[in-house]
Amino acid sequence: MAGNYNTKSEAGTFTGTGAGASIEIWGNFNISLSALGTNVVSLQRSFDNGTSWVDVASYDGASDGASIQRIVTEVEKGVLYRFNCTTYNSGTVVWRISAA
């Protein structure tokens, strides 16, 4: 796998439940959550251009910690990724998805 499909990034915040912007990316890429608090955020991907979404991982600030940094590998081109805040309690969760 040579390089990434997309070299830009998406970033944002959650102050309630709902999904962030999606990014089409493949290869190795970074995901980052900070100030997670007691909120729960899922990393999701879509194989059908955003019509449906599948949870890849779920991060719970109460058990996983306030900050999450991971490298994810996607081997298939054309897949969209996004974060979705599924449980919101308080604070501002900061998120980012970017090419590695």
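Start by selecting Asn49, which sits in the loop between strand 5 and strand 6 (54-60); strands here are DSSP runs of E with at least two residues, numbered from the N terminus. Asn49 is exposed, with a relative accessible area of 68% (exposed means over 50%, buried under 20%, partly exposed in between, using a 1.4 Å probe and protein chains only). Check its backbone too: phi of Asn49 is near 60°, a positive value in a residue other than glycine.

A word on what you're looking at: this is a predicted model, where local features need pLDDT of at least 70, side-chain atom pairs count only at pLDDT 80 or more, and totals for chains, interfaces and linings use all residues. Residues are numbered from 1 along each chain as its sequence is written, and side-chain values use heavy atoms, with hydrogens and water left out.

Next, hop to Ala35, in the loop between strand 4 (27-34) and strand 5 (40-46). Phi is positive here as well, near 55° for Ala35, again in a residue other than glycine. Ala35 counts as partly exposed, at 45% relative accessibility. Show its surroundings: leaving aside residues up to four places away in sequence, Ala35 touches Ala66, Thr92 and Val93 (contact means heavy atoms within 4.5 Å).

Now for the salt bridge, and the structure holds one. Select Glu74 and Arg45, whose side chains meet at 2.8 Å, N to O; the cut-off is a side-chain nitrogen of Lys or Arg within 4 Å of a carboxyl oxygen of Asp or Glu. Glu74 lies in strand 7 (residues 68-74) and Arg45 in strand 5, so the pair ties together parts that are 29 residues apart in sequence. Glu74 is buried at 3% relative accessibility, whereas Arg45 is partly exposed at 26%.

Stay with strand 7 and bring up its sheet. This is an open sheet of four strands, ordered 1-9-4-7, with antiparallel pairing (two strands pair if DSSP finds at least two bridges between them). Strand 1 (9-14) and strand 7 stand at the edges with a single partner strand each, so one side of each is left without a neighbour in the sheet.

Last stop: zoom in on strands 4 and 7, which run antiparallel and are joined by seven bridges. Pick out Phe29, and you'll find Val72 of strand 7 standing opposite.
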